[in-house]
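Hello,

Here is the structure I promised to pass on. Please have a look, then read my notes below.

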Amino acid sequence: EAGHDGVRLFEMPVVEREQMHPAIVEQRAHVRVAIEDGGNRLVWSFDQNRQPERLVDEAFADLGGMQRWDLAQWGRQVRQTVLRHCGLPVCVGIAPTKTLAKLANHVAKQQRQGDGVIVWQQAAHWQPQLAQTEVEAIWGIGRRLGRQLRVLQIDTAADLAAAHLPTLRKQFSVSVERIARELNGVACLGY
């Protein structure tokens, strides 16, 4: 309910949170704890040697070494586990990089039909989506940087993936270069 009013989870100072209706604060706190606890149980049950990167509403897992697994089935199991433990419906994006996994997850959320899981293992899987994705929609780009990229006629994720990497680094930053590399399937952001 508070989210519909533009309040983002745990962004407001404690004093403001305490002035809100107690049921809303309690519900919001419960959602955050449930996501972190559920995500923690889920990732730790998958691989106890790797600590998950925990965010409020998402988690990344390094699936290296799982090439022989049915990743779509694993993604469906993740969805079922989170729903069972947290009561929250989620979508799963699986790809060679964090940037592509975020995009795959976004596509899974947009699909009206399907199982909520997108697996991109080869460039042929994600390249069509890159051509349809506005540059501003890429994780780490945003509106301000997107405007600057559009001046260079980099309008889509496909344009950014095809851009000259040294130019991106020189005109913007190593971060933009890394995002372009990630869109090409080269993991640069680590786990």
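This is a predicted model: local features need pLDDT of at least 70, side-chain atom pairs count only at pLDDT 80 or more, and totals for chains, interfaces and linings use all residues. Residues are numbered from 1 along each chain as its sequence is written, and side-chain values use heavy atoms, with hydrogens and water left out.

Overall layout first. The chain has 9 helices and 4 strands. Both are DSSP runs numbered from the N terminus: helices are H or I with at least four residues, strands are E with at least two. From the N terminus, the order is α-α-β-β-α-β-α-β-α-α-α-α-α.

Of the 191 residues, 35% count as buried. Buried means under 20% relative accessible area, exposed means over 50%, and partly exposed is in between (1.4 Å probe, protein chains only). The accessible surface of the chain is about 12,000 Å², and carbon and sulfur atoms hold 48% of that. Those areas come from the Shrake-Rupley method with a 1.4 Å probe; for residues, only the protein chains shown count as cover.

Now contacts, meaning heavy atoms within 4.5 Å. Take those between residues at least 6 apart in sequence: 43% join residues at least 24 apart.

Next, the cores. A nonpolar core is a set of buried Ala, Val, Leu, Ile, Met, Phe, Trp, Tyr and Cys residues joined through side-chain atoms within 4.5 Å. The largest has 27 residues, and Trp-120, Leu-160, Leu-168 and Leu-183 touch the most other members. Helices H4 (98–110), H5 (123–132), H6 (142–151), H7 (157–162), H8 (165–171) and H9 (174–183) each give two or more residues to this core. H4 supplies the largest share, 6 residues. Another core lies apart from it, with 10 residues, including Trp-74, Val-78, Val-82 and Val-117.

H9 deserves a look. Its buried residues are Val-176, Glu-177, Ile-179, Ala-180, Glu-182 and Leu-183. Their cover includes H4, H5, H6, H7 and H8. Beyond its neighbours within four places in sequence, Leu-183 contacts Thr-99, Leu-100, Trp-126, Leu-130, Ile-138, Ala-157, Leu-160 and Ala-161. At the start of H9, a side-chain oxygen of Ser-173 comes to within 3.2 Å of the backbone nitrogen of Ser-175. After H9 comes Gly-185, with a positive phi near 90 degrees.

Last, the cysteines. A disulfide is a pair of cysteine sulfur atoms within 2.5 Å. The count is 0. Cys-91 is partly exposed, at 23% relative accessible area. Cys-188 is partly exposed too, at 26%.

Best wishes

Key
Polar contact = N/O pair within 3.5 Å; in protein donor to acceptor, adjacent residues only side chain to side chain.
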